[in-house]
Amino acid sequence: MIKKVSLLITLLCCALTTLAQVRFSSNANVYNNKTDQKIGNQYIAANIGSNGTGMVTLGALTLKARVTNSKRDNIYKMTAYSVTLYSKNGKTVEAVITKRDKGTYVIIVYYSDGALRYEF
């Protein structure tokens, strides 16, 4: 009985980790993720509901977003969300949103020709 309850709690926790609620809006420092060179600043926002879907805005570009996975790290006190971003023409890019408990964010967007890192 205890094993069944423990398994149920574990399954519920795993199911809840894929459900995300990510909301932010900020001007972020933008870096080339490979060279660590600062490119500039850009507006970035996300409104992803508890069902794991929503919108992400990068500058003037607004994309549909779907959280595909998430992982909590209690040692470093942060949660990482794997997100697929969809453009209006059906193309996709992958992103990772890392939310630290202290309130800072790092978003890495993997474009076909490289990755950009947004920090705020």
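Arg117 counts as buried, at 11% relative accessibility; buried here is under 20% relative accessible area, exposed is over 50%, and partly exposed is in between (1.4 Å probe, protein chains only). This is a predicted model, where local features need pLDDT of at least 70, side-chain atom pairs count only at pLDDT 80 or more, and totals for chains, interfaces and linings use all residues. Residues are numbered from 1 along each chain as its sequence is written, and side-chain values use heavy atoms, with hydrogens and water left out.

The structure holds three salt bridges, a salt bridge being a side-chain nitrogen of Lys or Arg within 4 Å of a carboxyl oxygen of Asp or Glu. Arg117 forms one with Asp36, with the closest N and O atoms 2.4 Å apart. Because Arg117 sits in strand S8 and Asp36 in the loop between S1 and S2, this pair ties together parts 81 residues apart in sequence. Strands (E, at least two residues) and helices (H or I, at least four) are DSSP runs, numbered from the N terminus. Asp36 is partly exposed, with a relative accessible area of 46%. Arg117 also bridges to Glu119, where the closest N and O atoms are 2.6 Å apart, and Glu119 is partly exposed at 27%. Shared partners join Asp36, Arg117 and Glu119 into one network.

## The Asp101 bridge

Asp101 pairs with Arg72 in a salt bridge, at 2.7 Å between the closest N and O atoms. Asp101 is in the loop between S6 and S7 and Arg72 is in strand S4, so the pair ties together parts 29 residues apart in sequence. Both ends are partly exposed: Asp101 at 47% relative accessibility, Arg72 at 32%.

## Around Asn29

Asn29 lies in strand S1 and is partly exposed, at 27% relative accessibility. Setting aside neighbours within four places in sequence, Asn29 has contacts (heavy atoms within 4.5 Å) with Lys38, Gly40, Asn41, Arg117, Tyr118 and Glu119.

## Aromatic pairs

There are three aromatic pairs in the structure. Rings of Phe, Tyr and Trp (its six-membered ring) pair if their centres lie within 6.5 Å; planes under 30 degrees apart count as stacked, over 60 as edge-to-face, and the rest as tilted. Phe24 and Tyr105 have ring centres 4.7 Å apart and planes at 45 degrees, so this pair is tilted. Phe24 belongs to strand S1 (residues 22-32) and Tyr105 to strand S7 (residues 105-111), 81 residues apart.

Tyr105 also pairs with Phe120, this time stacked: 5.2 Å centre to centre and 20 degrees between the planes. Tyr105 is buried, with a relative accessible area of 9%, whereas Phe120 is partly exposed at 25%. Ring pairs link Phe24, Tyr105 and Phe120 into a cluster.

## The nonpolar core

A nonpolar core is a set of buried Ala, Val, Leu, Ile, Met, Phe, Trp, Tyr and Cys residues joined through side-chain atoms within 4.5 Å. The largest one has 23 residues, and Val22, Phe24, Leu85, Ile97, Ile107 and Tyr118 touch the most other members. S1 gives the largest share, four residues.

## Confidence

Mean pLDDT (the predictor's confidence in each residue, from 0 to 100) is 88 for the protein chain, with 84% of residues at 70 or more. Residues 3-17 fall below 50, and beyond near neighbours in sequence this stretch has one contact in the model.
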